[in-house]
Amino acid sequence: MKENVVTLKGAGKSYDNVDALKSIDLVLPEGEVLGLFGHNGAGKTTMMKLILGVISASEGDVSVFGVTPTSQEAWHMRSQIGYLPENVSFYEHLTGLEVLTYFTRLKGYNKQDALALLEQVGLSHAHNRQVKTYSKGMRQRLGLAQAFIGNPKLLLLDEPTVGLDPIATNEFYQTVDQLKTHGASIILCSHVLPGVEQHIDRAMILSQGKQLAIGSLADLRAQAELQVSIKPQGVNGAVVEDSILSKYWSEEQKMLLVPESAKVTVLRKLLEHEALNDVSISPATLTQLYQHYIGQEQPNHILRESKSTGGSNE
Ligand SMILES: Nc1ncnc2c1ncn2[C@@H]1O[C@H](COP(=O)(O)OP(=O)(O)OP(=O)(O)O)[C@@H](O)[C@H]1O
């Protein structure tokens, strides 16, 4: 049976004037990838810090590998956690290899391990150069190499693809898939939603410290009742005449816009038409789901910001 790696029960964190995080409930089993999404200041980094044990919860319980991460007995589980902070920075005058060797030794590994990691993230060619000569993307790769030390069983990655070009982003997600296959649990924060959805098992959406939604994308789609776009080929005239299909037909978009709950009924109905020669089905994207949940919570001016955050090229 799969172990639970992280459990949050009604967990929250308050500072003097702000509730950074409120009543969060989460169970993250081994081998699961959770996407954590929210605007600036939503509480994503605070949640990672609670799990790391860098700060203690003001309310509720946090358990990581079965222990409270701020407790004395948590020391042995820290080597099993990899963390990539947002805007990672390193000792500028050391070379990439020196930086990574330092971190590998801290975790009980050696220079050979550092070299292997540098190769994994595509930095072998630059390992003898000072970090101050690295581009933003190279620094981010070095940060990822640091997070991957010792094949951690839990990875907390804050904006891991910032500064990476499309090829490096793709390689990063391949690594995420591999780590997951080997049983690692991963929490991934990202402002860039397109491209993330096929690599996560569940998404949590936060706003102003509150958990607005958590679930698989299928669960969130069903809950949000966003429309699925269904584009049939060869039957357009017949669709308008069909008493069920015509209810969902958009003349403007030349497709059926169907609530999740009616999807199967509509598909069955379409298959009754012999002239049907193809059909494409597009469920709501992660960006659309995000906008739906945030839109329920936020005033319109903040929603407009979220549209620019999520992008539209999914
Ligand atoms: N040490 C602190 N003292 C006071 N307020 C804090 C502290 N740390 C975080 N906060 C506040 O808590 C809220 C959540 O911050 P957090 O850094 O977790 O957000 P975030 O979702 O990670 O944002 P971003 O996407 O910008 O990184 C913000 O309002 C922030 O100002």
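Two residues are in contact if their C-beta atoms, placed from the backbone, lie within 7 Å. This briefing describes a predicted model, in which local features need pLDDT of at least 70, side-chain atom pairs count only at pLDDT 80 or more, and totals for chains, interfaces and linings use all residues. Residues are numbered from 1 along each chain as its sequence is written. The secondary structure of the protein comes to 10 helices and 13 strands; helices (H or I, at least four residues) and strands (E, at least two) are DSSP runs, numbered from the N terminus.

**Confidence**

- The mean pLDDT (the predictor's confidence in each residue, from 0 to 100) is 88 for the protein, and 94% of the residues reach 70 or more.
- Residues 300–314 have a pLDDT below 50, and this stretch has 26 contacts in the model beyond near neighbours in sequence.
- The scores of the model are ipTM 0.97 and pTM 0.85.

**Overall layout**

- Domain 1 covers 4–80 + 152–220 and domain 2 covers 227–282; these bounds come from an automatic or database domain assignment.
- The centres of the two domains, taken over C-alpha atoms, are 39 Å apart.
- Along the principal axes, the C-alpha atoms of the protein fill a box of roughly 70 × 45 × 45 Å.
- Of the 314 residues, 36% count as buried. A residue is buried if 20 or more other C-beta atoms lie within 10 Å of its own, exposed if 12 or fewer, and partly exposed in between, with C-beta atoms placed from the backbone.
- Among contacts with a separation of 6 or more, 69% join residues 24 or more positions apart.

**The sheet of S2, S1 and S4**

- Strands of a sheet pair through backbone hydrogen bonds, either parallel or antiparallel. Two strands count as paired here if DSSP finds at least two bridges between them.
- An open sheet is formed by 3 strands in the order S2-S1-S4, with antiparallel pairing.
- Strand S2 (19–29) and strand S4 (59–64) are the edge strands, each pairing on one side only.
- On average, neighbouring strands of this sheet are turned by 20° against each other, direction ignored. For such angles, axes are lines fitted to C-alpha atoms, for helices over the stretch in contact, and angles run from 0 to 180 degrees between N-to-C directions.
- Strand S1 (residues 4–14) and S2 run antiparallel and are joined by 7 bridges. Serine 14 stands opposite aspartate 19 in S2.

**Strand S3 and its partners**

- Strand S3 (residues 33–37) is mostly covered, with 4 of its 5 residues buried.
- S3 pairs with strand S7 (residues 185–189) in the parallel sense over 4 bridges, and glycine 35 stands opposite leucine 188 in S7.
- S3 also runs parallel to strand S8 (residues 202–207), joined to it by 4 bridges. Arginine 202 in S8 is the bridge partner of leucine 34.

**Helix H4**

- Helix H4 (residues 136–147) has 12 residues, which at 1.5 Å a residue should span 16 Å; the end C-alpha atoms are 17 Å apart, which agrees. The expected span is 1.5 Å times one less than the number of residues.
- H4 is largely enclosed by the rest of the structure, because 10 of its 12 residues are buried. Among the buried residues are Met138, Leu142, Gly143 and Ala147.
- The cover over the buried residues of H4 includes strand S5 (81–84), helix H2 (96–106), helix H3 (111–120), strand S6 (154–158) and helix H5 (166–181).

**The sheet of S11, S12, S10 and S13**

- This open sheet has 4 strands in the order S11-S12-S10-S13, and the pairing is antiparallel.
- Its edge strands, strand S11 (249–250) and strand S13 (278–282), each pair on one side only.
- Strand S10 (residues 227–233) and S13 run antiparallel and are joined by 5 bridges. Aspartate 278 in S13 is the bridge partner of glutamine 233.

**Two loop residues**

- Glycine 66 lies in the loop between S4 and S5. Glycine 66 is exposed because 12 other C-beta atoms lie within 10 Å.
- Glycine 66 and methionine 77 are 11 residues apart in sequence and 9.4 Å apart in space, C-alpha to C-alpha.
- Leucine 193 is found in the loop between S7 and S8. Leucine 193 is buried because 22 other C-beta atoms lie within 10 Å.
- Leucine 193 and serine 280 are 87 residues apart along the chain, and 22 Å separates their C-alpha atoms.
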